[in-house]
There are 2 protein chains.
Amino acid sequence: MPSLDQHVRSNAGLATELRFSVMRLRRRLVRERHPDNDLSLSAMAVLWGLHRHGDLTVGALAAREQVRPPSMTRSVNALVDAGLVERLPHPEDGRQVVVRLTEAGRGVVHADAARRDRWLWRRLEDLTPEERDVLRRAAPILQRIAASDPDPD
Amino acid sequence: MPSLDQHVRSNAGLATELRFSVMRLRRRLVRERHPDNDLSLSAMAVLWGLHRHGDLTVGALAAREQVRPPSMTRSVNALVDAGLVERLPHPEDGRQVVVRLTEAGRGVVHADAARRDRWLWRRLEDLTPEERDVLRRAAPILQRIAASDPDPD
DNA sequence: CGGAATAGTTAGCAGAGGTAATGACTTGTG
DNA sequence: CACAAGTCATTACCTCTGCTAACTATTCCG
């Protein structure tokens with residue numbers, strides 16, 4: 001039974017620990033959605049992407065979220081049905097589809113985002129400023145790893 | 001369209017960024033399983049828990065992984081079918097069930113874990129030592145947040 | 001001893017991802 | 001210019017992994 005500390009000191013150990021931490025925290029986040037907010041975390045991520053980057057194609061959204069195009073099509077369908085985004089033809093390329101936030105969608109981003117983050121936000125408040133700083137610096141690194149190219153082999 | 005930097009500086013912004021980073025990285029990790037390794041990430045997490053802590057009950061495993069007991073029962077079933085763990089009666093409490101790693105299971109932990117972490121490990125190698133240090137300190141914080149008590153309301 | 005609480009399981013359901021195949025459009029080449 | 005090959009989105013279908021509710025067996029406690 002190896003010591004945790006010694007294990008985490010190596011890169012391989014860090015990989016293991018980081019992997020399980022990420023998986024557990026994600027399960028927890030999915031579970032902590034507020035009852036009166038019926039949007040899934042994936043849906044909210046799409047709205048945030050559009051909010052931050054403006055109009056995006058289905059393919060671009062899929063790449064950002066690390067999902068396959070069919071999965072993104074389904075997420076977009078749900079958002080269209082809810083009236084939060086609209087599909088527009090691409091001005092130059094007839095194959096692509098541009099997804100745009102509607103006024104209602106913009107409202108949801110502003111109103112629901114805060115509520116949806118409440119659980120995690122409270123947990124962050126319980127941390128020391130130093131710990132929050134670690135996470136502040138970790139977030140973009142995690143993001144970069146998630147977005148990195150697949151292995152060549 | 002708000003600036004990312006300014007957004008992340010607030011705790012609410014940090015919550016949002018951290019949430020999406022965790023979700024994206026998890027999707028990526030799930031996808032990077034090696035073709036000749038058919039164990040799911042959840043199954044591997046159970047094996048690791050047993051490897052590190054010795055025999056555990058179903059309930060203890062469920063608590064560790066932030067999962068409900070029925071979900072853990074199913075994971076354990078899959079591992080029993082694969083011959084990687086065995087169910088034993090609890091010595092003192094007839095309601096509980098002790099889960100123990102078999103020799104085969106121990107082999108899988110050693111052999112497959114390294115291979116499974118390969119993708120993330122390579123990504124970690126590309127980071128600067130400072131960035132790795134940030135993640136080394138972030139991992140237990142993420143873990144603690146995942147394990148924290150639910151909101152009282 | 002009998003009722004309440006606890007641990008695990010079973011059954012059934014939902015969310016969210018994947019691949020394969022298809023259709024529509026674009027691009028590049030003979 | 002025509003047509004073959006490639007690309008983007010979609011559709012259809014499947015899997016994995018989580019959940020709740022209900023049930024069983026056991027233990028605890030009054």
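Two residues are in contact if their C-beta atoms, placed from the backbone, lie within 7 Å. With that in hand, we can walk through this predicted model, starting where the two protein chains meet. The contact draws 54 residues from chain A and 54 residues from chain B. On the chain A side, the elements that each supply at least two residues are α2, α3, α6 (103-116), α7 and α8. Helix α2(A) gives the most to this side, with 18 residues. Sorted by class, the side of chain A that touches chain B holds 30 nonpolar, seven polar and 17 charged residues.

Let's now look at chain A by itself. Chain A contains eight helices and three strands. If you read along its sequence, the elements of chain A come in the pattern α-α-α-β-α-α-β-β-α-α-α. Of the 153 residues in chain A, 35% are buried. Among contacts in chain A with a separation of 6 or more, 48% are between residues 24 or more positions apart.

In chain A, three of them form an open sheet with antiparallel pairing, in the order β1-β3-β2. At the edges of this sheet are β1 (56-57) and β2 (85-89) of chain A, each of which pairs on one side only. Strand β2(A) is joined by five bridges to the antiparallel strand β3 (residues 97-101) of chain A. To find one of these pairings on your screen, look for A:Glu86, whose bridge partner in β3(A) is A:Arg100. As you trace a strand, keep in mind that side chains in a regular strand alternate between the two faces of the sheet.

Helix α5 (residues 69-81) of chain A lies across β2 and β3 of chain A, and runs at about 115 degrees to β2(A).

Strand β1 (residues 56-57) of chain B pairs with strand β3 (residues 97-101) of chain B in the antiparallel sense, over two bridges. Within β3(B), B:Val98 stands opposite B:Thr57. Strand β2 (residues 85-89) of chain B also pairs with β3(B) in the antiparallel sense, here over five bridges. B:Val98 in β3(B) turns up again as the bridge partner of B:Leu88.

Next, follow chain A along to helix α7 (residues 118-125), where A:Trp119, A:Leu120, A:Arg123 and A:Leu124 are buried. Viewed down the axis of α7(A), the buried residues fall within an arc of 135 degrees, so they line one face of the helix. What covers them? The cover for the buried residues of α7(A) includes α2 (11-31) and α8 (129-147) of chain A, together with α2 (11-31) and α7 (129-147) of chain B.

The loops hold a detail worth a look. A:Gln66 is not a glycine, yet has a positive phi of about 60 degrees. You will find A:Gln66 in the loop between α4 (58-65) and α5 of chain A. With 18 other C-beta atoms within 10 Å, A:Gln66 is partly exposed. In chain B, phi of B:Gln66 is positive too, near 60 degrees, and B:Gln66 lies in the loop between α4 and α5 of chain B.

Finally, turn to the DNA. DNA strand C is surrounded by 24 residues, the closest being A:Ser40, A:Gly94, B:Thr57, B:Gly59 and B:Pro70. Two or more residues of this surface come from each of α3 and α5 of chain A and α2, α4 (58-65) and α5 (69-81) of chain B. Helix α5(B) gives the most to the surface near DNA strand C, with four residues. By class, the residues of that surface are eight nonpolar, nine polar and seven charged.

DNA strand D also has 24 residues around it, and the closest are A:Gly59, A:Pro70, B:Ser40, B:Arg68 and B:Gly94. Here α2, α4 and α5 of chain A, along with α3 (41-53) and α5 of chain B, each supply at least two residues. The largest share of the surface near DNA strand D comes from α5(A), with four residues. That surface divides into eight nonpolar, nine polar and seven charged residues.

Methods
Residues are numbered from 1 along each chain as its sequence is written. Chains are lettered from A and ligands numbered from 1 in the order in which they are written. This is a predicted model: local features need pLDDT of at least 70, side-chain atom pairs count only at pLDDT 80 or more; totals for chains, interfaces and linings use all residues. Two strands pair if DSSP finds at least two bridges between them. Axes are lines fitted to C-alpha atoms, for helices over the stretch in contact, and angles run from 0 to 180 degrees between N-to-C directions. A residue is buried if 20 or more other C-beta atoms lie within 10 Å of its own, exposed if 12 or fewer, and partly exposed in between; C-beta atoms are placed from the backbone. The arc is that of the directions from the helix axis to the C-beta atoms. A residue is near a molecule or strand if its C-beta atom, placed from the backbone, lies within 6 Å of it. Ala, Val, Leu, Ile, Met, Phe, Trp, Tyr, Cys and Pro count as nonpolar, Asp, Glu, Lys and Arg as charged, and the others, Gly among them, as polar.
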